[in-house]
Amino acid sequence: MAFRALLTRRTLAAASGLGPNGGVATSFRGLQTFSLPDLPYDYGALQPAISGEIMQLHHQKHHQAYVTNYNKALEQLHDAMSKGDAPAVVKLQSAIKFNGGGLSDLICWVMQAGGGEPPKGSLGWAIDNNFGSVDALVQKMNAEGAALQGSGWVWLGVDKELKKLVVETTSNQDPLVTKGPSLVPLIGIDVWEHAYYLQYKNVRPDYLKNIWKVINWKYASEVYEKECP
């Protein structure tokens, strides 16, 4: 029983960093599953920074695939646990981690729902103290995102224990929490090719430059003030 409880927590942690809004959650045999949430805006709302075609493809195809495969893996996990099939349980962990991490796309949708206005208040002060200026932070995140080999994410996060801002990159679908259990994402930029290739081809730096025009600093500020009151 203790093993099953631990495994369930680890399964749900695959999508950690999302919090309770990491998708439309339902219960399946005692395990939390997800359905694809609607975007909080039209597919074309982020143009010209991100084309409507990219947003529709990213949301309807890629995000939907992560949700479908995550739920499928949970069902298979439940069956394997019921049968005491330990090798199958271990084998399923990679699928749960990968597809659960893909639910981070919801963070992407929320964080790209702004007009790019620079942060004010306590987050603005924290950025100045940690990085020197907003421009310096943007340059750092763009450089690290461009240098990330293969697919992954570049994050601005806050360490809620140390009350300090950090910039981190993660590979593939790994959420920010994999870099530390006290890290909370404020901004996440998806650098998988499906997030930009139709519009920017293989010029990732141009995508990173333009994504800041739609970054939702209001959301980032709200999360920061919640974690660092």
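This is a predicted model: local features need pLDDT of at least 70, side-chain atom pairs count only at pLDDT 80 or more; totals for chains, interfaces and linings use all residues.
## A sheet, its helices and an annotated site

Strand β3 (residues 152–159) and β5 run antiparallel and are joined by seven bridges.

Two of the facing pairs can be picked out by name. W153 has D190 in β5 as its bridge partner, and G157 stands opposite P185 in β5. The strands belong to an open sheet of three, ordered β4-β3-β5 with antiparallel pairing. At its edges are β4 (164–171) and β5, each of which pairs on one side only. From one strand to the next, the twist averages 25°.

Is β5 enclosed or open to the outside? Eight of its eight residues are buried, so β5 is largely enclosed by the rest of the structure.

Now for the helices around the sheet. Helix α5 (residues 121–131) lies across β3, β4 and β5 and runs at about 75° to β4. Helix α6 lies across β3, β4 and β5 as well, running at about 140° to β3. Helix α8 (residues 204–211) has its own set of buried residues: R204, Y207, L208, N210 and I211. These pack against α6 (134–147), β5 (183–190) and α7 (197–200).

Which positions does UniProt mark as "binding site"? The unreviewed entry places this feature at H58, D190 and H194. Although they are spread over 137 residues of sequence, they cluster in space, with a largest C-alpha distance of 10.7 Å. H58 lies in helix α2 (residues 52–83), while H194 lies in the loop between β5 and α7.

Away from these positions, S221 sits in helix α9 (residues 217–227). Setting aside its neighbours within four places in sequence, S221 is in contact with P119, K120 and L123.

| Residue | Relative accessible area | Class |
|---|---|---|
| H58 | 2% | buried |
| H194 | 15% | buried |
| S221 | 10% | buried |

Why does H194 count as buried? Its relative accessible area is 15%, and buried means under 20%, so H194 falls in that class. The same cut-off of under 20% applies to H58 at 2% and to S221 at 10%.

Technical notes: Residues are numbered from 1 along each chain as its sequence is written. Side-chain values use heavy atoms; hydrogens and water are left out. Buried means under 20% relative accessible area, exposed over 50%, partly exposed in between (1.4 Å probe, protein chains only). Helices (H or I, at least four residues) and strands (E, at least two) are DSSP runs, numbered from the N terminus. Contact means heavy atoms within 4.5 Å. UniProt positions are given in the numbering used here, feature names are shortened, and annotations may be inferred rather than shown by experiment. Two strands pair if DSSP finds at least two bridges between them. Axes are lines fitted to C-alpha atoms, for helices over the stretch in contact, and angles run from 0 to 180 degrees between N-to-C directions.
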